[in-house]
Amino acid sequence: MIGIINSIQTLGTLDGPGVRFVLFMQGCPLRCAYCHNPDTWDFQQGMEYTAEDIFQKVVRYKAYFGDAGGITVSGGEPLIQAEFVTELFKLCKENGIHTCLDTSGGMWSDKIEKLMEVTDLCLLDVKMTNPAYYEKYIHWKMEPVMTFLKKLKKMNVPTWIRQVIVPDINDNYENIRKLRAIKNDNPNITKVELLPFRKLCVVKYDNLGIKFPLTEYSETAKEELDKLQAYLN
């Protein structure tokens, strides 16, 4: 099974618990206004690897993972290449390596269900709690994301919810209350993590000749994020 890969981070600490080997898949159908990786959008770009190729790279770092770490597959949108990720995760689980999937969760299929059967932890990006904002800022619909979450609940897949907080868009208590309600309705959710909006990605947009949609918006102040996280908790 061949996968199309954008990039690899060997010792990541921000994409799931512990120290992790992070694999960024190529291709994404979403167009999030704050996307940090526009270079992952194009399905025709990227490098080809087999699942065995990637596994051989992962296992070299197993000693660094400890009890909490492992592999995280992100993107792009890894669900687009669900069969490849399933094969890779099977190899990892056979060798005692924790598997984590970082996804926007906007689709479901039998192939994706098989992937979730070998996923130890799902990082689900619930990008907005307002359906109209989902369409405006993410160019996707909220309904299939909530359907995906219902499937995770039914399968009892441990899940972290993550959301980027953008000033003047979703940095409000109404949004946080809705996130809390989502957590309360899904006992498989063990953590809700608010992430700051940052504009370090602008150079990528410039290099690709694309206008960054949120140029005029301020980055998220730490004290504001801490206040919202405290309210959530």
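Is aspartate 168 buried or exposed? I looked this up before anything else. Aspartate 168 is exposed, at a relative accessible area of 68%. For these labels, buried means under 20% relative accessible area, exposed means over 50%, and partly exposed lies in between, with a 1.4 Å probe and protein chains only.

**Entry: ground rules.** The model is predicted, so I note that local features need pLDDT of at least 70 and side-chain atom pairs count only at pLDDT 80 or more, while totals for chains, interfaces and linings use all residues. Residues are numbered from 1 along each chain as its sequence is written, and side-chain values use heavy atoms, with hydrogens and water left out.

**Entry: whole chain.** I found 9 helices and 8 strands in the chain. Helices (H or I, at least four residues) and strands (E, at least two) are DSSP runs, numbered from the N terminus. The radius of gyration is 17 Å, close to the 17 Å from the globule rule for 233 residues, so the chain is as compact as a globular protein of that length. That radius is taken over C-alpha atoms, and the rule is 2.2 Å times the number of residues to the power 0.38. Along the principal axes, the C-alpha atoms fill a box of roughly 45 × 45 × 35 Å. Of the 233 residues, 48% are buried.

I then looked at contacts, meaning heavy atoms within 4.5 Å. Among contacts with a separation of 6 or more, 70% are between residues 24 or more positions apart.

**Entry: aspartate 168 again.** Its phi is near 70°, a positive value in a residue other than glycine. I located aspartate 168 in the loop between strand S7 (159–165) and helix H7 (173–185).

**Entry: histidine 139.** Histidine 139 also has a positive phi, about 60°, although it is not a glycine. I placed histidine 139 in the loop between helix H5 (131–138) and helix H6 (143–155). With 49% relative accessibility, histidine 139 counts as partly exposed. Which residues does histidine 139 contact, leaving aside its neighbours within four places in sequence? I found Arg31 and Tyr134. The C-alpha atoms of histidine 139 and cysteine 32 are 6.7 Å apart, although 107 residues separate the two along the chain.

**Entry: a cis bond.** The peptide bond from glycine 75 to glycine 76 is cis, with omega near 10°. Glycine 76 sits in the loop between strand S4 (70–74) and helix H3 (82–94).

**Entry: strand S2.** How many of the 6 residues of strand S2 (residues 20–25) are buried? I counted 6 of the 6, so S2 is largely enclosed by the rest of the structure. In a regular strand the side chains alternate between the two faces of the sheet. I checked both faces of S2 and both are covered: Arg20, Val22 and Phe24 are buried on one side, and Phe21, Leu23 and Met25 are buried on the other.

I also looked up what S2 pairs with, where pairing requires that DSSP finds at least two bridges between the strands. Strand S1 (residues 2–12) runs antiparallel to S2 and is joined to S2 by 5 bridges.
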